[in-house]
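Subject: Structure handover

Hello,

Here is the structure I promised to pass on. Please open it next to this message; my notes follow below.

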Amino acid sequence: RQIMFQLPNNDGVKLVEEMMTTNKANLASAAMLLAVHLVWDEEWRDPLMNIRPKIEELCLKWAAFSMKSIVKKAYYMKKEQEKEEEAHTKEFDESMKKLWKKRDEESKGDDAEKEKLMKTRELASKERKLKYDNRILWTQVETQKAVDVMSLTLSRSILLMSSLMHHNDTVSRLSQTDFLNVIAACVDVPILDTCTSSTILLQNYITRTQSIPSPTLFADPDHLLEALFYNLERCVNNAEKSQLAVCVTHVLAFIHTSHEWKSYFEKLIQKDGKVKVFIETIICSIDMGGFGTSDTPKSWRTGRKNKERQSHKSGFGCIHEGCTNLTGNLAKCNTCGKVEEKRGQWKKCSRCEVARYCGRECQKNDWKVHKKECKRLCQK
């Protein structure tokens, strides 16, 4: 970032623009990772938002191209594996025929031996079928060994769109695109952190707009909901307290407050009884800080209003930490988590000079919690 600031004539923005508009995925991927860092700085955000084609359109195009490439790769891997399996099966059958013929001759009409031989054949056939059915296809693409440029490009394009949620103008621009269907397509793709990034993007959109996207905006809302619960179940089964677990839980809690999604939840509950358990034990236990619409039925609302925290009003505090932990020297408000747009914009606590606040109200609300920590820091 420091080097980029020193480039004359706005050449840093031109560099990002040329890299993202090239036809080489490795350059575009690197440019998007750089843009994730820069878009949080006020000096960079406006120039980056003025590149042509628009930065959000470039993200969507690279995401779509990456998904198509990954699916194409999996298709050819599947065909190649099927050919290998067919050749191997043919070789196996020929060798087994010779073995069975030899054993038939050895049995010489013994009924007990023939029956034993038939059971052995059936068992061998079942084992062979099981091995064929469990052949490695998508798992090869989904492992770290298969990570390639396209996987990185897909993940970074989604991460950049998540970071663009930091500003109201970019949120409105992104809302005019088809990014919600990118989320739905990638929310259950376990390649790199694509799944986590997609969930973070959806969470950031909900918290910044303070609204739940309608099911009609998704091509397949049933799949989206099922994929989110699948990810939650996976985290619960693995006793995993990861970034994905937190994001999925909060997104489901948000969607659960919407009356429009009620029928989809009910349909999924009928399909899988575990969903009801997850809703009652996990989703309904989330404190939504008063988030929800007036038409939401009482039985579907969760949480209570938090008078001390105003982050849901501004929206900034709701931006997931996954998008703010790459911001270099930019500080976050100690109360609401809002990220400053210029270095040094937030004021330090006059006593400890460590905690930072976006305003007097946040500092006042945090004093009860910060008081002990402030005293300890001053003693140091």
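**Leu34**

Leu34 has a relative accessibility of 23%, so Leu34 counts as partly exposed. Please bear in mind that this is a predicted model. Leu34 belongs to helix α3, which covers residues 25-38. Its C-alpha atom is 9.3 Å from that of Leu160. Along the chain, 126 residues separate Leu34 and Leu160.

**Leu252**

Now to helix α13, where Leu252 is located. Leu252 counts as buried, because its relative accessibility is 0%. What does Leu252 touch, leaving aside neighbours within four places in sequence? Its contacts are Leu225, Leu228, Phe229, Leu232, Phe265 and Ile283. For Leu252 and Ile282, the C-alpha atoms lie 9.8 Å apart. Those two residues, Leu252 and Ile282, are 30 residues apart along the chain.

**Helix α15**

Helix α15 runs over residues 274-281. Val275, Phe278 and Ile279 are buried there. Why do they sit on the same side of α15? They cover an arc of only 100° around the axis, and that puts them on the same side. What do the buried residues of α15 pack against? Their partners are α12 (221-237), α13 (243-256) and α14 (262-271). Helix α13, one of these partners of α15, is also the helix that holds Leu252.

**Where to look**

Start with the buried Leu252 and its listed contacts. Then turn to α15 and its packing against α12, α13 and α14. Finish with the pair Leu34 and Leu160.

Best regards

How values were computed. Residues are numbered from 1 along each chain as its sequence is written. This is a predicted model: local features need pLDDT of at least 70, side-chain atom pairs count only at pLDDT 80 or more; totals for chains, interfaces and linings use all residues. Side-chain values use heavy atoms; hydrogens and water are left out. Helices (H or I, at least four residues) and strands (E, at least two) are DSSP runs, numbered from the N terminus. Buried means under 20% relative accessible area, exposed over 50%, partly exposed in between (1.4 Å probe, protein chains only). The arc is that of the directions from the helix axis to the C-beta atoms. Contact means heavy atoms within 4.5 Å.
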